Amino acid sequence: MGDLVVGFKYLAKGQRWVAGHGRSYGFGLVPGLITLVLYGAALVALALWGADFVGWATPFADDWSSPWGGLFRGFLTAVLFALALMLAVITFTAVTLLVGQPFYEALSEQVDRDVSPDGTAPESGLPLWRDLWISARDSLRILVRAALWGILLFALGFVPVLGQTVVPAIGFLVTGFFLTEELTAVALARRSVELRRRLTMLRARKSLAWGFGTPLALAFLVPFVAVFLMPGAVAGATLMARDLLGEDGADAASDGSDGAGDRGDGQVGGGDSAGTAVTNPSALTSPHQPPQ
C-alpha cells in the first residue's frame with residue numbers, strides 16, 4: 001500500500017506544481033486540446049456507426065430468433081465501445097505527448113530545474129527531429145503492448161461474472177501502468193533511459209505506477225478532464241522519474257506527510273529513493289549507443 005500512496009502523491013504534487021506556474025500550465029494545455037478534438041470525433045463516429053459495424057461483422061446472427069440476435073449485437077456494440085474507450089484513454093497520452101513533445105519537454109525541464117539542488121535539468125543533447133522519432137517509435141511499441149492487452153481483456157469480457165467485475169478492474173490497472181510509462185518517458189528519455197529499462201523499473205514498482213496512473217485513467221474517462229490534468233501529470237511524472245533514478249533533490253513523496261519536504265525557496269526536498277532506484281543514471285544503457 002505504501003507505493004500506491006506515494007504514486008498518488010506524485011500525481012497530486014504535479015497538479016500542485018502547475019497550479020503555481022500559470023504560464024507553464026497554459027502552455028501545456030495546447031496539445032491536449034488538439035488531441036481531444038481528434039479523439040472526440042473518432043468516438044462520436046463509433047457511437048453513430050458502431051452498431052452497423054457489429055451487424056456487418058456478425059452475419060451469422062441474422063437468422064437468430066428475437067430477442068437473442070438484438071441482445072447479442074447490442075452487447076457486442078457496448079463491449080466494442082468500452083474497448084475503444086479504454087484504448088482511447090491509453091493512447092490519448094501517447095498521442096498528446098507526441099503532438100506536444102516540445103511543450104512537455106519544456107515543462108518537464110522546468111520541473112527538473114525547480115527541484116534540482118543546482119537548478120539544472122538533464123538534456124538529451126539530440127536534435128528535435130531525433131527526439132520526435134524516438135518518442136514516436138517508443139509510443140508505437142507501447143501501443144502494440146496496450147493493444148494486445150486490450151484484445152485479451154476483450155476476450156475475457158465474455159466470461160460470466162468475471163468479465164463484468166474482475167476484468168474491468170484489471171483493465172484500469174493495465175491502463176494506469178501504461179499511462180505512467182508514457183508520462184515518465186518524457187523525463188527519462190532526456191536521461192537516455194531506453195524503453196526496456198523504463199519498463200523494468202516500473203514493473204519492479206508496479207504499485208507506484210498503479211497509484212499514479214490508475215486514478216489518472218479513471219479521471220480521463222470524464223470528458224475534457226484529460227486536457228486539464230495532462231500538464232500536471234507530466235510534472236508529477238517528472239518527480240516520479242527522479243524518485244525511480246534516486247536522484248538528489250527527488251520529491252520526498254514517501255515521507256509520510258504531504259508537502260513536508262517542500263522548501264521555502266520553491267524547491268522540493270528529499271533524498272535517494274528506496275526500493276529499486278537506480279543510483280547512477282549515466283550507467284544505464286542508452287538507446288543511441290550499443291550496450292557495453
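Contact means heavy atoms within 4.5 Å. The legends below describe a predicted model, in which local features need pLDDT of at least 70, side-chain atom pairs count only at pLDDT 80 or more, and totals for chains, interfaces and linings use all residues. Residues are numbered from 1 along each chain as its sequence is written, and side-chain values use heavy atoms, with hydrogens and water left out.

**Figure 1. The chain has 9 helices and 0 strands.** Helices (H or I, at least four residues) and strands (E, at least two) are DSSP runs, numbered from the N terminus. From that end, the order of elements is α-α-α-α-α-α-α-α-α. Of the 292 residues, 44% count as buried; buried means under 20% relative accessible area, exposed over 50%, and partly exposed in between, with a 1.4 Å probe and protein chains only. Among contacts with a separation of 6 or more, 79% are between residues 24 or more positions apart.

Figure 2. A polar atom of the Thr238 side chain lies 2.9 Å from the backbone oxygen of Val234. For reference, a polar contact is a pair of N or O atoms within 3.5 Å; within protein, one must be able to donate a hydrogen and the other to accept it, and residues adjacent in sequence count only if both atoms are side-chain atoms. With neighbours within four places in sequence left aside, Thr238 is in contact with Ser108, Val111, Asp112, Ala187 and Arg190.

**Figure 3. Salt bridge between Asp112 and Arg190.** A salt bridge is a side-chain nitrogen of Lys or Arg within 4 Å of a carboxyl oxygen of Asp or Glu. In this pair the closest N and O atoms are 2.6 Å apart. Asp112 belongs to helix H4 (residues 101–115) and Arg190 to helix H6 (residues 166–190), so the bridge ties together parts 78 residues apart in sequence. Both Asp112 and Arg190 are buried. The two residues also belong to a network of salt bridges that links Glu105, Asp112, Arg190, Arg191 and Arg242. The whole structure holds 8 salt bridges.

**Figure 4. Salt bridge between Arg198 and Glu181.** The closest N and O atoms of this pair are 2.8 Å apart. Because Arg198 lies in helix H7 (residues 195–204) and Glu181 in helix H6, parts 17 residues apart in sequence are tied together. Arg198, at a relative accessible area of 3%, is buried. Glu181 is buried as well, with 1% relative accessibility.

**Figure 5. Salt bridge between Arg205 and Asp243.** The N to O distance between the two side chains is 3.3 Å. Arg205 sits in the loop between H7 and helix H8 (206–220) and Asp243 in helix H9, so the pair ties together parts 38 residues apart in sequence. Arg205 is buried at a relative accessible area of 9%. For Asp243 the relative accessibility is 4%, which also counts as buried.

**Figure 6. Crossing of helices H6 and H8.** Two packed helices are described by the angle between their axes and the distance between the axes. The axes of H6 and H8 come within 7 Å and cross at roughly 100 degrees. Axes are lines fitted to C-alpha atoms, for helices over the stretch in contact, and angles run from 0 to 180 degrees between N-to-C directions. H6 and H8 are therefore roughly perpendicular to each other. The contact involves residues of H6 including Phe172, Leu173, Thr175 and Gly176, and residues of H8 including Ala209, Trp210, Thr214 and Leu216. Angles under 35 degrees count as roughly parallel, over 145 as roughly antiparallel, 65 to 115 as roughly perpendicular and the rest as oblique.

**Figure 7. Thr175 and Thr214 in the contact between H6 and H8.** Thr175 is part of helix H6 and is buried, with a relative accessible area of 3%. Its C-alpha atom is separated by 9.3 Å from that of Leu216, 41 residues apart along the chain. Thr214, in helix H8, counts as buried at 13% relative accessibility. Leaving aside neighbours within four places in sequence, Thr214 is in contact with Phe172, Leu173, Gly176 and Ala209.

**Figure 8. Ser192 in the loop between H6 and H7.** Ser192 is not a glycine, yet its phi is positive, at about 60 degrees.
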